[in-house]
Amino acid sequence: GERLVAQVPDVSRLLERMADVGLVSRARDAADRRHVTARITPKGLRLLETVQATLLRIERERFGHLDAATLDTLIAALDAVRAGA
């Protein structure tokens with residue numbers, strides 16, 4: 001949740017939608033009902049396997065020409081943007 005661009009309440013809604021289609025399971029802590037553990041399901045893992053090659057290809061196309069120092073600078077700049085949001 002901390003690395004998403006969306007606000008925190010949206011994470012709960014995202015997890016709810018993912019649970020509705022069977023990609024994650026959720027369980028509330030019996031001692032603290034505010035605490036929910038979400039786990040990826042076998043269906044979610046299959047989806048990840050399906051899209052992984054495409055996501056890696058896109059990542060290489062977009063960022064493959066950047067050296068490590070440039071990537072570090074980009075990540076630091078994005079962290080600064082996120083911290084100021």
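The side chains of arginine 82 and aspartate 79 meet in a salt bridge, with N and O 2.4 Å apart; a salt bridge here is a side-chain nitrogen of Lys or Arg within 4 Å of a carboxyl oxygen of Asp or Glu. This is a predicted model, in which local features need pLDDT of at least 70 and side-chain atom pairs count only at pLDDT 80 or more, while totals for chains, interfaces and linings use all residues. Residues are numbered from 1 along each chain as its sequence is written, and side-chain values use heavy atoms, with hydrogens and water left out.

**Overall architecture and confidence**

- The protein chain has three helices and two strands, where helices (H or I, at least four residues) and strands (E, at least two) are DSSP runs numbered from the N terminus.
- Read from the N terminus, the elements follow the order α-β-β-α-α.
- The mean pLDDT of the protein chain is 88, and 88% of the residues score at least 70; pLDDT is the predictor's confidence in each residue, from 0 to 100.
- Of the contacts in the protein chain with a separation of 6 or more, 9% are between residues 24 or more positions apart; contact means heavy atoms within 4.5 Å.

**Surface and burial**

- The protein chain has an accessible surface of about 7,300 Å², and carbon and sulfur atoms account for 58% of that surface. Accessible areas come from the Shrake-Rupley method with a 1.4 Å probe, and for residues only the protein chains shown count as cover.
- Buried residues make up 6% of the 85 residues in the protein chain. Buried means under 20% relative accessible area, exposed means over 50%, and partly exposed lies in between (1.4 Å probe, protein chains only).
- Ile40, Leu45 and Leu48 make a nonpolar surface patch of about 260 Å². Patches are made of residues with over 30% relative accessible area and no salt bridge, with like charges joined within 9 Å and nonpolar side chains (Val, Leu, Ile, Met, Phe, Trp, Tyr) within 5 Å.
- Leucine 45, one of the patch residues, is found in helix H2 (residues 42-63). Leucine 45 counts as partly exposed because its relative accessible area is 41%.

**Salt bridges**

- A search of the whole structure finds three salt bridges.
- Arginine 82 and aspartate 79 both lie in helix H3 (residues 68-84), three residues apart, which is about one turn of the helix. Both partners are partly exposed: the relative accessibility is 32% for arginine 82 and 36% for aspartate 79.
- Glutamate 61 forms a salt bridge with arginine 57, and their closest N and O atoms are 2.9 Å apart. This pair lies within helix H2, four residues apart, or about one turn of the helix. Glutamate 61 is partly exposed at 47% relative accessibility, and arginine 57 is partly exposed at 39%.
- The side chains of aspartate 32 and arginine 34 also meet in a salt bridge, at 3.0 Å from N to O. Aspartate 32 is partly exposed, at 28% relative accessibility, whereas arginine 34 is exposed, at 74%.

- Valine 24 is found in strand S1, and it counts as buried because its relative accessible area is 11%.
- Leaving aside neighbours within four places in sequence, valine 24 is in contact with Leu15, Met18, Ala19, Arg39, Ile40 and Thr41.
- Valine 24 and arginine 39 are 15 residues apart along the chain, and their C-alpha atoms are separated by 5.4 Å.
- Histidine 35 has its place in the loop between strand S1 (24-28) and S2. Histidine 35 is partly exposed, with 40% relative accessibility.
- Apart from neighbours within four places in sequence, histidine 35 is in contact with Ala27, Arg28 and Asp29.
- Threonine 41 is found in the loop between strand S2 (36-40) and H2. Threonine 41 counts as buried because its relative accessibility is 13%.
- Not counting residues up to four places away in sequence, threonine 41 touches Gly22, Leu23, Val24 and Ser25.
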